[in-house]
Structures are given as structure tokens and as C-alpha cells.
Amino acid sequence: MYAKVIVDVPAKQTNRAFDYEVPSSLRKWVEVGSRVGVPFGPRVLQGFVVELHEETQLDAKRIKPIQNVLDLVPPLTDELVLLGRWISRMYLCHEVTALQAMLPAALKAKYERAIEVGRESGEQSLLDMPDLQAIVAFVASKGSVPMDALMERFAADGALIKQLLGAGILTEVQMVKDRMSTKKALTVFPPAGGNGLEQALSELPARANKQQEVLRYLIEHPYAIRLTELMETVEVGASTVKSLADRGWIELREVEVMRDPYAGRAFARTKPLSLTEEQSRVFTEIRDAVAEERHEVFLLHGVTGSGKTEVYLQSIQQCLDMGKEAIVLVPEISLTPQMVERFKGRFGDLVAVLHSRLSNGERYDEWRKITRKQVKVVIGARSAIFAPFTKIGLIIIDEEHESSYKQEESPKYHTRDVAVKRASMQGAAVVLGSATPSLESLEKTRRRRDRDRPPYRLLTMKERVANRPMPPVAIIDMREELKSGNRSMFSTALYKAIEDRLHKKEQIVLLLNRRGYATFVMCRTCGYVSSCPHCDISLTYHQSSRMLRCHYCGYAEREVTECPSCQSKHIRHFGTGTQRVEEELGKIFPGIRVIRMDVDTTTEKGSHEKWLTMFREKQADVLLGTQMVAKGLDFPDVTLVGVIAADTVLNIPDFRSAERTFQLLTQVAGRAGRHEKQGEVFVQTYTPEHYSVQYASQHDFIAFANHELDVRANLGYPPYQRLILVTFSHEQVPLLVRFAEAFVMRLKEIAAQHSTKQIDLFSEAVSQDQTFQMDVLGPVASPISRIKDRYRFQCVVKYRGEDQAAEIVGQTVAWFEERSSKEKLMISVDVDPQYLM
Ligand SMILES: Nc1ncnc2c1ncn2[C@@H]1O[C@H](COP(=O)(O)OP(=O)(O)OP(=O)(O)O)[C@@H](O)[C@H]1O
Ligand SMILES: [Zn+2]
Ligand SMILES: [Zn+2]
């Protein structure tokens, strides 16, 4: 038997499957999706088996055998292997990069060197020396000894070991292992039924009372028990238990244990709520698709507080009733304990949770619950879409519009599109839920090709549950505030409202989508702006450390009090960041309790959850933060939401700014008045007339979407045209420009050849009626024209007609890499980019 193996080297030359022989001893174990160690040139590499064949096209004599198999059960399924290939073509990455992304970090390979007894007979005369004999005997007895261990054991005999290696009596092998091992714990095993323990008890001397206690306990509870647990229960030391094991009465051995990040937390079980009319209409549609095992994509547009989660829960129940599995994706920052609780509360131990705040070990163990089929539901961020389930009935993506679903590093996949692809491979239903759906998804519910149905189906929930009203939103024109002499960052109305809530002991959420203290430092005399010496962006002032920091590369310098350019003392912080607001609140409302949540206060593990718990327990009056406070939170006592400056996002030069502004305002407004108490929202802005601000204040997503879709159609932006962003970087500008221009020229040539023939990459995605059309904009300097001393140029490929463009760009990159390999030029390709930076 022969295997096609993708090796663990993300490079162009190795981006294909290589043939290996499957030795008969490994035949039972090697499957598609297995990780194996294979000889590759002088090394041994980890690889993934992607195909198995009885025959090979190559010269069988020259094919090397697979060295070892890393897993008893393959970590990837056939389907994930195919999905990996799809991702590598769609998003132009190496196939192994896509496959690696599907595995928990614990399964990343580690290469170890070990010593074994060699096959060659070598100079056997060496073995007449007793010292050498001892070493060889030791290695032989172990089979294989890690290099370090051998050197440690025979520390004085380095020269001898070398001699043995040189003679081929010992040989060095490279081994591939997992970076993370399973966690083991010493466990006590009494004999079956406690047999013989009574006898043991009678043999113990009277003064060994601790040992007696242990035996008595085990006679009553003749089951395996973790050593630490036994020590705690009977209040004895480890040595007491060990001495019993030494006498052979009980057995003590290491057993694998699972790290459960939610161990010890009790989740109150919840029952399905009786659905509102809107909920039940939507649920029926989803349930039918799941019940009929039909692949269908639903876009669930439900206003904030309309009860989308309950619909998800009951749809999952349907899935479980049919013996199938479900994946729930949630943006990383919305994956709070509160969120987990809602799922664990309904489905208990059938739920595994995967997110980046888990340690590698915890994540690995959660992941293994999936491969062992101990769980049926996975809830997690982005990468949970690769959960190795085999019978998926339903995939839910909550807050589907979130840009964090797009992975920023290679593989730069969009989770939503991967989910739809995976669901189509398994015949599963997909629910994309949001109060502010992405325009890409909305457009797919409207698109009509010939007489076909649109690719997605729109489901709508317009009302909050229990007839709770949407909170009224007041837009406050900050220019007017200035005119009337208010120079503070709080308008009079917002100030009064905060005062009122403090008085009533209700809670407040304040949003400012900018961290730090001020955006930048500028000299009022000469206009000098402090900027990063390595990147072309201004530095941000951080009050607590009194430092200026670059948010791209981490560069930091001391606060300046004098302009480095003109020595003027009129150098000041401009703009407002969360830290500034916190300080100001303290000044205006002495004694106010503020929790600030932004990247700077949530780096520590668990800090995000800690802040939210404190706020829930009403240990603070105000939750102030960046977009982190806008999403998914459900606090009954929040009756006021204030947006300090709606323009922060609007002013970012990106074609999605209006959409992001609308989403952010709608999401944060949705935090108010979700329970019995009525809520109120204030949006401060310098551009009150902007349609994104206006429609958000009216809670009118559809009107916003129609307006914005018109804008996009006119400018030829997504969702009507798709984009690929190609970024070039190099330390020297002239070289960079030459390369970028040559690239674009070659790209246009290749595209011209393609427009005449139809290429069918993945047939279902290629539409016949949309003729392929492609434009290349640029090259131009990137908006951030330098990062870490590398200059950046970019070009944007705009196209219609689905996937061919990726293929064309891929060919151009390949052509290019062959010609520029010595030049240290870096090219990065982002298909469907979320930001054009
Ligand atoms: N059928 C129902 N009967 C009673 N209460 C319900 C029902 N459905 C949902 N709720 C409650 O309504 C509140 C809002 O629901 P949920 O958080 O699911 O809304 P959502 O649509 O996810 O909102 P958001 O988009 O803002 O996160 C929750 O407290 C939930 O327990
Ligand atoms: Zn100056
Ligand atoms: Zn920098």
C-alpha cells in the first residue's frame, strides 16, 4: 500500500503530496488524516496522509517507507483533508498550513533525536570493551533512547558514544512527537471488590493507624481513585498510600486525566422556553432543514434581544435528537462564561468549549472529547469550525458580521465561508445570526440567478421578546455643544443621564472605540506629530506608563514635554481614548466606580471574565470600553448606553467604515433595556447627518443596508465585486516599486489568457451566467506605508465571477517567487480582505 503525504514544511517546493510506502506493520494504523513521520532528504518530517492507494505511479523501489504513526486514531477526517485542500486553493496558502490550522497547538510536531542500536554490524571488535558493551546493552534494553537522556546517563563517555555512532553500532534517528503530552495523575487501584484488603488490614501493626484508615476507606469504596483525592478524603500523606502499594496490597499507577477548564463549576440545567411567535416561525424553518438533513443556509436577522440564542438552542436539540452533531461559533470576545453557561446549562457534558484563553493542554483535552465522541456540541471561536465531527447536522455562526471571523494570518480563511463549505460537504444546515448581518450575507439572500433560489434564505425577528421596546436613541451633535460653550467630552444630556443613573443605582455602558489616553501627540506650534520610527503611524499616549507606544510593532518611548522639532512646549495630547474618559469620569463624578475594558486591561488570562463578573455583581456603576463592551452582553440593570464619539470608526479610510459604524452603534445600543427596566441611548457625534448614524438611531437595518448596497454597487465594491489584496514589502522603496509594477503587469497578462477559457476550480462555485471580469488597482503605497522598517505597497484585484481570480493571482505569485527568491521581497495575499490596510 502507498500513501500520499503532505509534509510539514510550508514552502512552495513541498506544497504537494509525496509518495511513501506503508510498511505492512503499519497498515492497520495508517488512514487518511493520520499524522506520520516520514524520511525526507536527510531528515524525518511530520506529514499528513491525504490519500491511500494500492499502487504507485513511481518506481516502487525508490519509494521510502513511512517511519512511524503518531496517532492511533487519525486527528483529521477524510472530509477535513478535502476541506484543507479547498482552503489552500481558495485562500492561496500551502496545504499543510491549512491542515495545521485544524489541529490544536498541542499536536504541533516536535522533533527529537534518539539513539538506537544500528543495523550495520560495524567493527564488532569494539564490543570487546566492557564500557562500550554497557552502553550498547543499555540502548538495546530500551529500544530507543532520547539523545539527551543517553548523554546524561553516560556523561563521562561522550567520546565512546561518538565512536559507537561512527562505527554504526549505534545509530541516530530522528523522531517526530507531539509537543504536548497528555496529563497523567497517580491513581490508586484497590483489588477488584476490595478482595484481600480485610486480610491486609489484619496484618498491619496497630500503630499504623493511617494506613489502616486508607484500607478501611478502600474496603468500603473498592474503586479506582485519584491519589490526591484519596489523600484529601482520608487526610493522609502520599507516603502512607505508597507504603501500601509497596506491600502489593493496592496498585498505584499513572493514568491519563482530562483537564477540564469548567470542572467544579455547576451549571444549572435549563429547560426549553416556550417560544414567541416570531421565534417559533424561525425555529420551524431551521428544524425542518435539520430534520430533512438538507444543506441550507439561513441568515437569521434578529434585532438585539429578540431571543436568537433560544432559537439556536432548540435547533441544536433537534440535531441531537437525530443523533447528529452541532458546531456553534461565537466571536472570541463574546465567548464569556455567561455564553458558555447557556449552552452547558441546556446540554451539560455534551458540550465542549474551545477558545484561545484556554491553555494548550486544556484545549487539547476539549478537542479530544470531540475525537472520542464524548461530546455532540462544540462552542468556540473561529477554529472550532474544524472540530473533527463526522455527523454534523447544524452549524451556527452567531454575530456572523464580525470581522474577527476572518483569520488575519495564513491561512487567511473566512470562517463563514469555510462553514458553508463544510456544511455543504456534510449535508448540514447553517444558521448565520446577527442583529446587523453583513452585506455579503444579505446580498446572498437576494441574489437571483436564472430561476434558481438565492443561495441563502432570510429569516427575520423584528421584535424583542416579551414586547420589550427597543431603546430610544438620541443623537447629540457635539458641534452644537462646543458652540454653547461645553468643552467637556460629555454632552449636557449624557452628563445628566449618567448623574440620574448613579442616583437610581442603575448601570451604564460607555463605548469609545479607541484605547489608550489620546490618539496622538502634536505640537501646536509647528504641527510635529510623534510617530513610530519603524512604522508610518503616529504613536499613542498611555497615561499609566507615561509612554508613547506604537500599536503596530510595540515600539515605546518616553512622553515628550518639548517638541523635538521646534523645542516649543506647546506639545499636547489630542483626541480621546478610554483611559482619558476613565480619568474624566472620576473628576466629574467623584466616587464613581468604573471598569475599563480594552486590550490594555484584558491581556491577562481570565481578566475579561473577571471584569464582566464584577460588573454583573454590581461592583461598578460604569462599564467603559472599546467594542468589547458592545457585543452580546446581557445585564439586567443596564439602562443607559452612551457612545462618546461615533466618528472614530467612521473616519477610518475604508469602504466598510459606514457598515462598521452602523454595526457598532446598533450592537451597543442593544445592551440597554434588555429586561424589565426601560433603556436609553445617547450617541455623541460630529457627523449627526451621516446615514449610518441616522439609521442606527432608528434601529433600521434594512434601510441602512439598502442605502449602503447602492453605494457599493456604484463603486464596484463587495458584495457586488470581490477583492483580493496583494501586499508587497521590502526595505528599499525603488526595488519594491519595480517588483510591484512587474507583478501587476504579469498578473494582467495571465488574466488575459484566462478570460478566454473557463477554469472550473470547484465546480459548484463557478457560475455560468456571470462572466469573469477582473480589474487591478495599483500598485500604490499601502495606507500604513511602513511596518517594522519594511516599506509596503499594495494592489487590489477587483473581480466578478467567483473563484478564478484566486487561481490567477496564485499563478502570478508562483511565477514571481521563482524570480525574486533572492531579493527578500515578501508578498502576502489576502482573499476577501476585511481591511484594505
Ligand atoms: N421565548 C422566550 N421567553 C422568555 N424569555 C426569552 C425567550 N427567548 C429569549 N428570552 C430571553 O430574552 C433575552 C434576550 O435573548 P437573547 O440574549 O437570546 O437575544 P439575542 O437575540 O441573542 O440578542 P443579542 O443579539 O443582543 O445578543 C434573554 O434574557 C433570554 O433569556
Ligand atoms: Zn514643534
Ligand atoms: Zn511601530
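Start with ligand 1 and show what sits around it: 19 residues surround this ligand, and the closest are Ser274, Gln279, Gly305, Lys308 and Arg674. Keep in mind as you go that this is a predicted model.

Now zoom in on a few contacts. Select Lys308, where a polar side-chain atom lies 2.7 Å from an oxygen atom of ligand 1. Hop over to Gln279: here a polar side-chain atom is 2.8 Å from a nitrogen atom of the ligand. On its own, ligand 1 has 630 Å² of accessible area, and the protein covers 82% of that.

Colour the shell by residue class and you'll find 4 nonpolar, 9 polar and 6 charged residues. Which helix gives the most to this shell? That's α11, residues 308–321, with 3 residues.

Next stop: helix α13, residues 360–371. Its 12 residues reach 16 Å from the first C-alpha to the last, close to the 16 Å expected at 1.5 Å a residue.

Now select Cys523, Cys526, Cys563 and Cys566, which carry the annotation "binding site" in an unreviewed UniProt entry. They span 44 residues in sequence, yet no two of their C-alpha atoms are more than 8.6 Å apart, so the four gather at one spot. Cys523 itself belongs to strand β21, residues 520–523, and is buried, with a relative accessible area of 1%.

Pro718 and Pro719 are joined by a cis peptide bond with omega of about 5°; you'll find Pro719 in the loop between α23 (701–715) and β30 (722–730). Another cis bond runs from Gly778 to Pro779, with omega near 10°, and Pro779 is in strand β31, residues 773–787.

Two last selections. His699 isn't a glycine, but has a positive phi of about 55°; look for His699 in the loop between α22 (691–697) and α23. Finish at Lys788, also with a positive phi, about 50°, in the loop between β31 and β32 (790–800). Lys788 is exposed, at 52% relative accessible area.

Methods: Residues numbered from 1 in each chain as written. Chains lettered and ligands numbered in written order. Predicted model: local features only at pLDDT ≥ 70, side-chain atom pairs only at ≥ 80, totals over all residues. Heavy atoms only, no water. Near = heavy atom within 4 Å. Polar contact = N/O pair within 3.5 Å; in protein donor to acceptor, adjacent residues only side chain to side chain. Areas by Shrake-Rupley, 256 points an atom, 1.4 Å probe, with all protein chains shown as cover. Helix = DSSP H or I, 4+ residues; strand = E, 2+ residues; numbered from the N terminus. Nonpolar A, V, L, I, M, F, W, Y, C, P; charged D, E, K, R; others polar. Expected span 1.5 Å × (residues − 1). UniProt positions renumbered as here; feature names shortened; annotations may be inferred. Buried < 20%, exposed > 50% of the residue type's maximum accessible area, 1.4 Å probe, protein only.
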